[in-house]
Amino acid sequence: MRNLPHDTPLLSSASVLSDSWLRSQHYGLTRDDDYRPVAGHEQLGESRHQYDWIARYASPLLAQLAPQFRTRAGVLVLSDPGGMVLESTGNSGFLQRAELLALAPGNLWSEDARGTNAIGTALALGRYCEVSGKEHFLNRNAALFCAAMPVYSPRGELAGVIDISSPANLPWQDATHLLTRAAWQIEQHWVQKQITAGQVLVQLRQQDQPELAPFTHSLIFEDGILQGANSLACRDLGIQPQDFGQRHQDSIFANGVENGALTRARDNAWQVHIGRAQKQPGVTVPGKRPARPTPEPQTSFAPSGVNLEKALRVVNAGIALCINGETGCGKEYLAQQLYRQSKWATGNFVAINCAALPEHLIESELFGYMPGAFTGASSRGYAGKFREANGGMLFLDEIGDMPLVLQTRLLRVLQEKRVVPLGGNSAFPVDFSLVCATHRNLVEQVERGLFREDLLYRIQEFTVEIPPLRQWQGKNQFIEQLWCELGATARGIRLCQSVVRYLADCPWPGNVRQLLSQLKVLLALSDDGQTVTLDCLPATPVSSFGATSPASSQVAPSPSAPGMRELEAIRVCQGNMSDAAKHLGISRSTLYRRLEKKRA
Ligand SMILES: Nc1ncnc2c1ncn2[C@@H]1O[C@H](COP(=O)(O)OP(=O)(O)OP(=O)(O)O)[C@@H](O)[C@H]1O
């Protein structure tokens with residue numbers, strides 16, 4: 001096992017290179033050697049079988065990066081830990097025939113085979129490495145620029161590298177960024193898919209570091225012992241290769257996984273998610289599925305009634321997705337979830353609320369502009385949201401509110417996959433996943449002449465309907481998870497079951513947004529170690545029932561608020577709305593109606 005990745009990617013430096021050259025000489029190589037070691041088909045097949053992380057976790061990424069490699073001179077190469085090329089793809093037009101053959105599957109690029117080179121040296125050092133032109137030990141490789149980033153398995157073992165090779169006179173300037181993120185994405189998916197029955201997956205997301213937004217620090221525990229982690233977690237939580245199978249969770253999270261991780265979350269602006277693979281007969285756990293890439297384990301945070309796996313397949317296939325649902329039900333939340341799990345996660349997630357942008361700004365925001373394109377334009381120009389989203393996901397919220405003239409231009413971008421900035425003549429190619437959301441009925445908008453029919457078909461290639469929270473299954477569990485996520489568990493504050501049932505039965509017109517804000521208020525009003533009962537629900541003049549926005553509601557309706565009969569019945573029945581309705585001799589829907597009237 002080699003070093004785990006270091007904080008700062010290592011660029012070519014004199015001492016690193018001279019050490020590598022010394023090693024190359026030590027292997028008996030000379031600069032003029034022309035020997036090109038290539039493995040046979042059988043060996044290549046065996047290695048592909050053994051290192052199936054490439055087929056499982058790197059293929060979606062390769063598909064995503066492919067467009068970049070069509071328009072630039074460069075080849076993306078994946079190798080096993082012995083430096084054997086297992087896959088290569090991209091624009092190889094720049095390569096001489098000999099070099100072309102040298103980057104084909106089966107070629108060996110370990111340092112002992114070809115001297116100093118990015119693949120071999122990155123493997124030798126276990127770190128990111130760039131080697132350009134004559135820095136290569138063998139003269140025959142002097143026409144190449146190469147950058148390589150190691151990929152680690154969830155047990156901290158070096159699994160291979162991902163490499164970019166381009167002409168030495170056209171070095172791939174953003175290779176560090178691209179390869180680091182690509183390796184993180186592969187490692188993250190790998191850990192997430194590795195979890196087996198009875199194990200716990202802890203995922204921490206650092207909220208104050210936007211560049212890490214798509215990535216989580218992911219760790220797997222079994223019976224409290226660390227079983228796996230991605231290299232980000234190893235880097236930031238001080239995990240060493242020897243810790244796997246040995247280190248107890250308490251030495252990583254001082255108060256146990258749940259409390260410790262959540263304490264960390266509160267103190268350091270981390271967002272935490274803890275998932276479990278249950279030991280249930282007949283249940284296939286994600287890590288055990290053999291062939292096709294599977295989505296992450298569904299958690300209670302996936303909106304109820306939404307088939308995440310299907311939506312993810314659609315997004316990965318580059319099909320435009322339209323998410324419908326009432327306000328606050330989690331349309332943007334779902335888009336972000338899909339983005340993080342999709343092949344687009346190495347690009348940016350760019351969200352635009354079409355209803356909130358002044359009409360005259362939408363165009364420049366989306367399309368960008370050239371320097372001095374209009375009065376007040378920045379002298380440096382602006383790339384615009386379409387180009388910002390290139391390689392990632394563009395989330396257009398409230399698409400139904402987009403002005404007609406811009407709908408026409410949007411349609412053109414979606415069809416041509418090119419953007420011409422305001423005041424510019426040349427077009428920039430773009431490729432992103434498009435997810436739109438609206439609470440409007442777009443068909444009706446089309447009938448009223450407010451929305452282009454052709455754009456409707458283009459953005460609604462696949463539609464996902466998020467049901468309103470009141471119709472969700474498993475609300476009790478969802479509320480408890482949110483409660484835990486908000487930091488209640490870390491403070492020892494419990495919701496008693498009657499409160500959970502009571503909250504689960506509220507109609508929540510503001511959906512998850514409203515529920516969340518009410519839970520936050522309840523938490524702020526609770527003391528550490530307290531158990532929240534129905535009696536603890538504070539009286540408020542504003543009932544949440546029938547509220548249309550979170551701003552208009554403070555906390556869940558109190559049993560002591562005005563409208564006593566119904567609320568008292570709810571309290572007596574410990575929050576069970578069906579029992580309360582029976583108690584009053586009315587139907588559940590009548591009970592809800594009465595509560596709504598009381599609010600009015
Ligand atoms: N499934 C979920 N699990 C946890 N939190 C969620 C979930 N869905 C939504 N939320 C939270 O609820 C709030 C509202 O979600 P979001 O903004 O995605 O709703 P929306 O449907 O896009 O709303 P709008 O239509 O008003 O833009 C956010 O704080 C989001 O983080």
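This is a predicted model: local features need pLDDT of at least 70, side-chain atom pairs count only at pLDDT 80 or more; totals for chains, interfaces and linings use all residues.

Modeller: G449 has 9 C-beta neighbours inside 10 Å, so it counts as exposed; the cut-off for exposed is 12 or fewer. G449 sits in the loop between α15 (442-447) and α16 (453-459).

G238 lies in the loop that links α8 (231-237) and α9 (256-268). G238 is exposed because 10 other C-beta atoms lie within 10 Å of its own. Its C-alpha atom is 8.4 Å from that of I252, 14 residues away along the chain.

The largest nonpolar core has 80 residues; L321, I323, A335, M393, L394 and V435 touch the most other members. Helix α18 (residues 497-505) gives the largest share of this core, five residues. Domain 3 (308-465) and domain 4 (470-599) each contribute at least three residues to this core. In soluble globular proteins, nonpolar side chains tend to be buried together.

Follow the chain out of α18. W508 is in the loop between α18 and α19. What is the phi of W508? The phi of W508 is near 45°, positive in a residue that is not glycine. W508 has 26 C-beta neighbours inside 10 Å, so it counts as buried; that takes 20 or more. N511 belongs to helix α19. N511 also has a positive phi, about 55°, and is not a glycine. With 24 other C-beta atoms within 10 Å, N511 is buried. For context, most residues other than glycine have a negative phi.

α11 (331-341) and α19 (511-524) each supply at least two residues of the ligand shell. There are 16 residues around the ligand, and the closest are T327, G330, K331, E332 and Y333. How many residues of the shell are nonpolar, polar and charged? Seven are nonpolar, five polar and four charged.

One more helix deserves a look. In α21 (residues 577-584), the buried residues are M577, A580 and A581. Viewed down the axis of α21, these buried residues fall within an arc of 100°, so they line one face of the helix. An α-helix has 3.6 residues a turn, so residues three or four places apart point the same way.

The strands come next, and β5 is the place to begin. Is β5 (residues 158-167) largely enclosed or open? Nine of its 10 residues are buried, so β5 is largely enclosed by the rest of the structure. β5 has two antiparallel partners to inspect here. Strand β4 (residues 144-152) pairs with β5 over nine bridges in the antiparallel sense. Within that pairing, P150 has V161 of β5 as its bridge partner. β4 and β5 form a hairpin with five residues between them, and G156 in the turn has a positive phi of about 80°. Strand β1 (residues 74-79) runs antiparallel to β5 and is joined to it by five bridges. There, V77 stands opposite D163.

β1 also pairs with strand β2 (residues 85-91), in the antiparallel sense over six bridges. The bridge partner of G74 is N91 in β2. The hairpin of β1 and β2 has five residues between the strands, and G83 takes a positive phi near 85°.

Strand β7 (residues 217-222) runs antiparallel to β8, with four bridges joining the two. I220 has G228 in β8 as its bridge partner. Two residues separate the strands of this hairpin, and D223 takes a positive phi near 50°. Strand β8 (residues 225-229) is mostly covered, with four of its five residues buried.

Key:
Residues are numbered from 1 along each chain as its sequence is written. Two strands pair if DSSP finds at least two bridges between them. A residue is near a molecule or strand if its C-beta atom, placed from the backbone, lies within 6 Å of it. Ala, Val, Leu, Ile, Met, Phe, Trp, Tyr, Cys and Pro count as nonpolar, Asp, Glu, Lys and Arg as charged, and the others, Gly among them, as polar. The arc is that of the directions from the helix axis to the C-beta atoms. A nonpolar core is a set of buried Ala, Val, Leu, Ile, Met, Phe, Trp, Tyr and Cys residues joined through C-beta atoms within 7 Å. Domain bounds come from an automatic or database domain assignment.
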